[in-house]
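Work through the exercises below with the structure in view, and try each task before reading its solution.

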Amino acid sequence: MPVPWFLLSLALGRSPMVLPLERLVGPQDATHCSPGLSCHLWDDDILCLPGDIVPALGPVLVPTHLQTELVLRCGKETDCDLCVRVAVHLAVHGHWEEHEDEKKFGGAADPGLEKPRNASLQAQVVLSFQAYPTARCVLLEVQVPAALVQFGQSVGSVVYDCFEAALGSEVQIWSYTQPRYEKKLNLTQQLPDCRGLEVRNSIRSCWALPWLNVSADGDNARLVLNVSEEQHFSLFLYWKQVQGPPKPWWQKNLTGPQIITLNHTDLVPCLCIQVWPLELDSFRTNICPFREDPRAHRNLWRAARLRLLTLQSWRLEALCPLPAEAALCWQAPGGDPCQPLVPPLSWENITVNVLEFPLLEGHPNLCVQQVNSWENLQLQECLWADSLGPLNDDVLLLETRGPQNNRSFCALEPSGCTSLPSRASTMAARLGEYLLQDLQSGQCLQLWNDDLGALWACPMDKYSHKRWALVWLACLLFAAALSLFLLLRKDHAKGWLRLLKQDVRKGAAARGRAALLLYSADDSSFERLVGALASALCELPLRVAVDLWSRRELSAQGPVAWFHAQRRQTLQEGGMVVLLFSPGAVALCSEWLQDGMSVPGANCPHDAFRASLSCVLPDFLQGRASGRYVAACFDRLLRPDAVPALFRTVPVFSLPSQLPDFLGALQRPSALRPRRLRESAEQVSRALQPALESYFHPPGTPGQGRGVGPGTGDGT
């Protein structure tokens with residue numbers, strides 16, 4: 001739908017400010033001061049050496065306030081430069097120390113000492129000016145008559161004309177005295193560019209400036225550069241950063257008037273445009289028109305990603321800085337909202353930087369919540385789920401420590417934190433004594449700890465099994481009663497038994513087939529992609545085994561023993577072994593096939609794929625792989641025909657394009673109807689998309705098919 005014009009006006013900001021500027025004639029600097037004061041400007045600039053603060057032995061003049069005004073310094077009527085006029089306001093600080101004779105005798109001191117108290121005050125005031133690439137320091141001598149010297153009172157100001165500066169630059173001005181009695185005064189000012197000056201015809205660098213306008217083109221934005229046909233200029237699009245240099249996106253040299261269209265999905269708040277004529281020392285105009293555009297803010301949050309760096313740290317990756325607050329939350333299975341762990345943890349202010357939480361251990365149920373300045377939830381990711389597996393059926397216990405080592409516990413539930421022990425009717429309250437016993441016996445995992453409390457994750461699996469045991473017992477009693485009823489009615493017994501057999505078969509198919517996932521750990525990004533696939537398959541349901549989730553057992557048993565045990569269990573249960581091929585896996589297979597004497601796994605203790613080659617290859621060489629193995633690879637990463645020929649004797653699937661066939665091969669025959677199979681494939685594909693997007697298009701790199709690039713601008 002077209003963008004409303006009032007929203008576009010908000011995005012582009014107000015019209016450029018028009019400044020009527022005073023003109024100064026002549027190249028010489030000058031100074032003047034308030035009535036009653038006398039001032040003098042040193043002829044040459046001085047070194048900018050403020051020195052240390054020294055104590056004042058009597059009343060002194062110090063700068064108290066800085067004011068600036070923009071003026072034009074003109075050599076000719078149409079040859080002017082922008083200049084910054086600075087006014088320094090001065091005041092008397094300090095007082096005369098009481099003389100020693102007055103302290104002793106309480107009388108008047110030597111009359112010869114009275115004269116300095118009635119003398120005028122002098123000061124040397126330094127003005128320091130910095131605006132890349134120039135820096136200057138000038139010295140002003142100021143004298144105040146004795147009649148104006150009043151302690152703590154302002155005595156007037158001294159004005160300096162003037163510091164020349166470049167259009168659009170940022171200037172910094174400091175003022176202090178020599179010697180220095182107080183902290184330096186500081187003032188920072190952003191100078192306007194040619195768009196904000198009424199006298200742009202008087203500044204030579206503004207004459208050939210390409211004028212840039214931004215307008216709406218349906219949902220997209222249109223850049224219109226209104227210049228003459230023979231004008232050559234350069235257009236640069238970049239993402240402005242809070243710190244460091246801008247992040248470039250696209251740059252091109254153009255000629256004549258141009259109209260360039262930006263796709264609405266590419267608009268983000270920090271997207272800026274820089275344009276300048278291709279002439280020596282030409283002025284560059286910068287404009288960031290989308291800082292307040294609601295679409296740009298939505299696009300930015302949509303593309304933002306959270307990336308786990310270590311156990312305790314993660315980074316928010318986005319094209320622009322995202323001022324927001326983030327906190328950890330606990331995501332329990334079942335679809336309930338993620339519950340923020342605040343308190344005991346706190347919200348952290350972040351932008352695009354690394355944030356650390358004081359965790360002792362990771363957990364798949366721990367997630368990161370991020371809200372914007374309007375307190376709306378914008379981003380939530382369970383960073384540890386890819387490496388530690390799907391959500392666990394654990395309960396989170398909050399320990400609070402009081403004075404005299406008193407400890408209390410509560411269990412985090414959707415209704416709140418339930419005190420333990422408690423007589424409430426919630427599940428955690430009924431199991432409170434057992435959970436506390438598990439905590440005392442060391443069965444719970446400590447996630448966080450400090451002087452005021454701790455967080456513990458306690459498993460609930462065994463209690464869930466007890467509940468299901470009662471359900472199964474009730475089902476068995478019902479089945480026994482039904483069998484007795486059928487025996488009493490022999491005429492219908494065969495029909496009922498036939499239906500019962502079909503139900504048992506369907507129930508066995510619905511339990512979920514075992515799948516062992518083998519892959520080569522090419523890099524951490526590919527491991528996250530494998531973890532996302534394994535987590536998605538667990539939701540079908542399939543019982544997935546992957547070394548990512550069994551690192552502790554893998555280290556204890558060794559990769560060869562671990563793989564043999566997993567393979568034997570998977571095949572005994574009628575499951576399937578999935579060989580997930582990548583460029584690294586193809587290279588390992590080729591190396592193993594060429595040199596059978598090498599020892600797989602010798603170089604990588606956690607690489608189950610290397611360890612598996614010693615017993616996978618015999619199954620393929622002896623023709624035992626059919627029905628027990630399938631192969632797969634990811635689209636755009638590896639073509640199916642790149643898989644070694646020996647392994648193409650079993651079906652090879654390209655993911656996610658062939659997900660329905662892949663899931664059909666993993667399930668038992670007739671386990672899923674075609675419609676249900678398509679729905680499962682769509683579910684897995686949706687779960688894979690963020691991981692695939694992060695792998696093939698890491699945040700901060702422009703994607704393919706953007707609306708801006710060579711050839712998209714058309715001359716008008």
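The model is predicted, so local features need pLDDT of at least 70 and side-chain atom pairs count only at pLDDT 80 or more, while totals for chains, interfaces and linings use all residues. Residues are numbered from 1 along each chain as its sequence is written, and side-chain values use heavy atoms, with hydrogens and water left out.

**Exercise 1.** Determine how helix 9 and helix 15 are oriented to each other, and which residues meet.

Solution. Begin with the axes, which are lines fitted to C-alpha atoms over the stretch in contact, with angles from 0 to 180 degrees between N-to-C directions. Those of helix 9 (residues 524-538) and helix 15 (residues 674-696) come within 9 Å and cross at roughly 175 degrees; helices here are DSSP runs of H or I with at least four residues, and strands are runs of E with at least two, numbered from the N terminus. The two helices are therefore roughly antiparallel, a term for angles over 145 degrees. Next, look at the residues in contact (heavy atoms within 4.5 Å): helix 9 contributes, among them, Phe526 and Leu529, and helix 15 contributes residues including Leu688 and Tyr695. The residues of this contact divide into eleven nonpolar, one polar and no charged, where Ala, Val, Leu, Ile, Met, Phe, Trp, Tyr, Cys and Pro count as nonpolar, Asp, Glu, Lys and Arg as charged, and the others, Gly among them, as polar.

**Exercise 2.** Decide whether Ala536 is buried or exposed, and find its contacts.

Solution. Ala536 lies in helix 9 and has a relative accessible area of 7%, so this residue is buried (under 20%, with exposed meaning over 50% and partly exposed in between, for a 1.4 Å probe and protein chains only). Leaving aside neighbours within four places in sequence, Ala536 is in contact with Val684 and Ala687.

**Exercise 3.** Describe the open sheet of four strands and identify its edges.

Solution. The strand order is 14-13-16-17, with antiparallel pairing, and two strands pair if DSSP finds at least two bridges between them. Strand 14 (247-255) and strand 17 (285-287) each have a single partner, so one side of each is left without a neighbour in the sheet. Eight bridges join strand 13 (residues 232-239) to strand 14, and Leu235 has Lys252 as its bridge partner in strand 14.

**Exercise 4.** Locate the cis peptide bond that joins Leu655 to a proline.

Conventions: Parallel < 35°, antiparallel > 145°, perpendicular 65-115°, else oblique.
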